[in-house]
Amino acid sequence: MSLLGSVAVQLSCSSSGGYQSLIEGLTPASFPSPRLADKAVKEYATYRSGLLFWALVDLIYNMFKVPTSNTEGGWSFSLAEFIRHNDMPIHEAADKALKTFQEEFMPVETFSEFLDVAGLLSEINDPDSFLKDLLNSIP
């Protein structure tokens, strides 16, 4: 039975048997363990969309680096205050992030070049062996 079918059966039984059977049907043990079938290193185009997504998220995250706060509201309050009082610097940072993404990340054609643009070559000395080791570490 598929996972969806299992959940449907659990839902139909939940009215008579309570929510316990539904919860048991959604535990991690009921999900199949994903396996990476092909661990061979592929060409950059295979990984491009995921890497570009990571780069975009990283650029946006770095726009909102706010000092940690010990105020009552915590980090979210500090972030809201930062955004409220820094709209022009954020607008300029967003323009810069978009320009960086379009002009530096989009033209990248290799994994090594991506690491270089992302500033990760100092941490990952051998991109090819890193990618191979990463894929081999996935069950």
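How many helices and how many strands does the secondary structure of the protein chain come to? The legends below start there.

Figure 1. The protein chain has seven helices and zero strands, where helices (H or I, at least four residues) and strands (E, at least two) are DSSP runs numbered from the N terminus. Along the sequence, the pattern reads α-α-α-α-α-α-α. This is a predicted model, in which local features need pLDDT of at least 70 and side-chain atom pairs count only at pLDDT 80 or more, while totals for chains, interfaces and linings use all residues. Residues are numbered from 1 along each chain as its sequence is written, and side-chain values use heavy atoms, with hydrogens and water left out. Of the 139 residues, 22% count as buried (under 20% relative accessible area, with exposed over 50% and partly exposed in between; 1.4 Å probe, protein chains only).

**Figure 2. The largest nonpolar core.** This core has 18 residues, and Tyr44, Leu51, Phe105, Phe111 and Phe114 have the most contacts inside it. A nonpolar core is a set of buried Ala, Val, Leu, Ile, Met, Phe, Trp, Tyr and Cys residues joined through side-chain atoms within 4.5 Å. Two or more residues each come from α3 (44-63), α5 (87-105), α6 (111-118) and α7 (127-137). The largest share, seven residues, belongs to α3.

**Figure 3. A closer look at α6.** Here Phe111, Phe114 and Leu115 are buried. Down the axis of α6, its buried residues fall within an arc of 95 degrees, so they line one face of the helix; the arc is that of the directions from the helix axis to the C-beta atoms. An α-helix has 3.6 residues a turn, so residues three or four places apart point the same way. The cover over the buried residues of α6 includes α3, α5 and α7. Not counting residues up to four places away in sequence, Phe111 touches Tyr44, Leu51, Pro127, Phe130 and Leu131 (contact means heavy atoms within 4.5 Å). After α6 comes Gly119, with a positive phi near 75 degrees.

**Figure 4. The largest pocket.** A pocket is an open set of points on a 1 Å grid over the protein atoms alone, where a 1.4 Å probe fits, with protein on both sides within 12 Å along at least five of seven lines; lining residues have an atom within 4 Å of a point. Thirteen residues line the largest pocket, and Leu51, Phe111, Phe114, Phe130 and Leu134 lie nearest its centre. Elements giving two or more residues to this lining are α3, α6 and α7.
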